[in-house]
Amino acid sequence: MNEKNVVGRELAGTLNKPNRQLAMVFDLNKCLGCHTCSISCKRQWTREEGMEQQWWAVVNTQPGLGTPKNWEDIGGGWDAKGEPRPSKIPTRDEFGDAWKFNNDEVFHGGKGKVTYLKPVTTKGEAPDWGPNWDEDEGGGEYPNSHFFYLPRICNHCTHPACLEACPRGAIYKRADDGIVLINDKQCKGFRFCMEACPYKRIYYNHVRDVGQKCIFCFPRVEKGVAPACARQCPGRLRFVGYLDDENGPIHKLVHKWKVALPLHQEYGTQPNVYYVPPISPPSVDMNGRVDPSRPRIPQDYLEGLFGPRVKEVLALLEAEKAKKSKGQPSELMDLLIVYKWPNDIFPDFVRDPAEL
Amino acid sequence: MLVRRVDVDAAQLGDPDGGVWRAATGEVVSLIQAPAAMQPTKYIAAKWQDKPYGQTKTLVVKALRNAGEIAFRLEWQDKTKNERRIENTDFPDAVAMLFPLSEQSPLIMGGEGAPVSLWYWRADYPTRARNDVASGIGTSQVLDAESIAAQAKHQDGRWSVVLRRSLRLEKPLDGTLQFSAGQVLRTTFAVWDGGNLERAGIKAFSPSWLELTLDA
């Protein structure tokens, strides 16, 4: 094992933390499910052969089975005693394979009027799942159907299960910003990281025989440019910054206002992507009568994702929203509105990549 | 065991079905499961502690040399042939030989200052083996993937693989073995059953050295 990479490891009962930690906050009340984050990431990083099926940034519809399918039910991370929870490697089909289409037949084979575009997986089969198969299905019964979008990337965890699972020490957490990276010269494609990650955000490149995942756009970040997913987000909901920067939006949302919550905190890896939980629309009955006392998205469902503080956070958001609508000042609402882009959303990473 | 000299060409030496190999005497090497307690990470130990792995019990080893090359024929039982690496859960079958590069090199992947040389064949690259060097678990580095030729066959639920290399390499990198007549050296073996998702330390291995003497 490469003992040099101690950051992010628990050694002799002590978790070695980085000097600083970069984090993101996603305001779920602003996500419109457009997948521009996914596409900007794809175009920037995962266009090579062997990466076709990789989506380092995904947007899942909740409630839903997610990417990969059923990722919340297959283990990984740490149990309550801090022991690793065994898991399994998700398959390409569970992640959603990069389909091929019969373009030649339809467009050039003269059969355009008798056949149609049909997707096939790498195994040559008709797909029955994809990276975003259950988009916009959601949950609930009419007229109280509901859904919201949950963008997901690698959480660059404070105690990454992937890092400790690797028998080669190929995964490391950078001391100065806490970004978790896979050293692909050290990686041998054993895929224990894919099992150990409870968020299932690591992909396998079968051409290069290595694991690959979100790199927090570190080459951009090092030049003062925000990660592609954050900069391209039309909803402007992806805040980026250092957790300890008291003047920055991340610190204010996570530690001062405490409205940004980790996803599945019980997995024990201490993720560094935080979510402002979605304010639910009210329930309605079959006659269209609104009942503001009953949220359409069940609170216990949200608590299952974001923990026991959901109710408190939603109440605070409502209270501050009410203040703002009465013309009273609200620092929290001003933060979430993001009046001045990009300075208000990723103040340390405002450089335009086109000007590099 | 004696690495007997036979005057045949590379094609005959490299063919696992060749007559020279039928005539050669083999050594049956016993293998055991690499213990869960020996696994380098808590995750791997937790995942595999109650699962069967490393169940390949024996490996039949034969060794021959001709004027310029040394060859090993390794044969073991593996009912399923796993050679693909497309699906995330695909792990190809594999076999490896380990040679100590110092008197004290530990049998399990070597140690600091006591490296080992590894010849690693895996079914997704059937025609060559990789030459690695390691100084402890998780430290193996590829020296080259060209010098060791391989020819493999899976039939009747058994793999037969011949690994073949020049006795001496012209520009040996640090950690490369050089062979000469009369040389005495030690080796040991490991087998991975890809169908059981075996890789890394999840394997069967031989816990004792096999001594080899090169025929003049």
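Predicted model: local features only at pLDDT ≥ 70, side-chain atom pairs only at ≥ 80, totals over all residues.

Reply: Happy to. Residues are numbered from 1 along each chain as its sequence is written, and chains are lettered from A and ligands numbered from 1 in the order in which they are written.

Let's zoom in on helix α1 of chain A, residues 36-45, where A:C37, A:S38 and A:C41 are buried (20 or more other C-beta atoms within 10 Å of a residue's own; 12 or fewer makes it exposed, anything in between partly exposed, with C-beta atoms placed from the backbone). Looking down the axis of α1(A), the buried residues stay within an arc of 100°, so they line one face of the helix; the arc is that of the directions from the helix axis to the C-beta atoms. The cover over those buried residues includes β4 (58-62), β7 (148-152) and α7 (228-232) of chain A.

Chain A has 11 helices and 16 strands. Its radius of gyration is 21 Å, close to the 21 Å that the globule rule gives for 356 residues, so chain A is as compact as a globular protein of that length (the radius is taken over C-alpha atoms, and the rule is 2.2 Å times the number of residues to the power 0.38). Of those 356 residues, 44% count as buried, and the C-alpha atoms fill a box of roughly 60 × 60 × 50 Å along the principal axes.

Leaving out residues up to four places away in sequence, A:V25 touches A:F239, A:P249, A:I250, A:L253, A:V254, A:A260, A:Y274 and A:V276; contact means C-beta atoms, placed from the backbone, within 7 Å.

Over in chain B, 5 of the 7 residues of strand β6 (residues 94-100) are buried, so β6(B) is largely enclosed by the rest of the structure. It pairs antiparallel with β7(B) (116-122) over 7 bridges, pairing being at least two DSSP bridges between two strands. Across that pair, B:L98 stands opposite B:L118. β6(B) also pairs antiparallel with β11(B) (184-192), over 5 bridges, where B:A96 has B:A190 as its bridge partner.

Finally, where the chains meet, 25 residues of chain A are in contact with 17 of chain B. On the chain A side, α4 (161-165) and α5 (192-196) each supply at least two residues, and the largest share, 4 residues, comes from α5(A). That side divides into 14 nonpolar, 4 polar and 7 charged residues (Ala, Val, Leu, Ile, Met, Phe, Trp, Tyr, Cys and Pro are nonpolar, Asp, Glu, Lys and Arg charged, and the others, Gly among them, polar).

Notes
Contact = placed C-beta atoms within 7 Å.
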